[in-house]
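Student: Could you take me through one part of this structure slowly? I would like to look closely at the charged side chains that pair up.

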Amino acid sequence: MSETTSCTTLLLRLRPSDSEAPEVYPVEVTLDGAGTFNALITLKPAAFQALESSPWEYGRQLGQAVFTDTGLQRALAYARGKSECVSLSLQLDAPDLQDLLWERLILVSGGEELPFAAAATVSLSRRIPSE
C-alpha cells in the first residue's frame, strides 16, 4: 500500500459475552467511522490453544468463527470493494479474547484464503483497552 492510498476502515468492537451464552460475543461493526450495526460471533477461545502449533489452521478456524455472521461477511466485502485497501481494526473489549493470536486471522471465502496480516490490501490492527 502506498502512502497516498486511502483505505476503507472496518472496526470490529468485540464485547464481553453474557454469562448465559459464554461463547457468543456481541460485535459492534463500524464502517468508515459512520455506519454502525451489531453482529454476533460464536467462538471458544480455549479451543485455539490446541491449534497454536498449526498457524494456518488456527487462522482459518479463527476466520471462520469471525466471518460466519453474514452481516460481517457483507461489511468486509463492501469495504474490500470500496477501496484498494481495508484497515481492519479489532477492538477487544472482551478480556478472554485478548490473548488469541489475531495476527493469524485468515478469511476463507469461495476458494480464496486471505491471511489478513500478510495481505498487501489489508492493514490489521488490534486494540486492547487500557485499564
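Tutor: Happy to! Let's start with R80, which counts as partly exposed at 32% relative accessibility (buried is under 20% relative accessible area, exposed over 50%, partly exposed in between, with a 1.4 Å probe and protein chains only). This is a predicted model, where local features need pLDDT of at least 70 and side-chain atom pairs count only at pLDDT 80 or more, while totals for chains, interfaces and linings use all residues. Residues are numbered from 1 along each chain as its sequence is written, and side-chain values use heavy atoms, leaving out hydrogens and water.

R80 forms a salt bridge with E112, their closest N and O atoms being 3.1 Å apart (a salt bridge is a side-chain nitrogen of Lys or Arg within 4 Å of a carboxyl oxygen of Asp or Glu). Because R80 sits in helix α2 (residues 70-82) and E112 in strand β6 (residues 112-115), the pair ties together parts 32 residues apart in sequence; helices (H or I, at least four residues) and strands (E, at least two) are DSSP runs, numbered from the N terminus. E112 is partly exposed too, at 31%.

Now turn to another group: salt bridges that share partners join R13, R15, E28 and D93 into one network. Within it, the side chains of R13 and D93 meet at 2.5 Å, N to O. R13 is in strand β1, and D93, 80 residues apart from it, is in the loop between β4 (85-92) and β5 (106-109). D93 counts as buried at 15% relative accessibility, whereas R13 is partly exposed at 25%. D93 also forms a salt bridge with R15, with the closest N and O atoms 3.6 Å apart.
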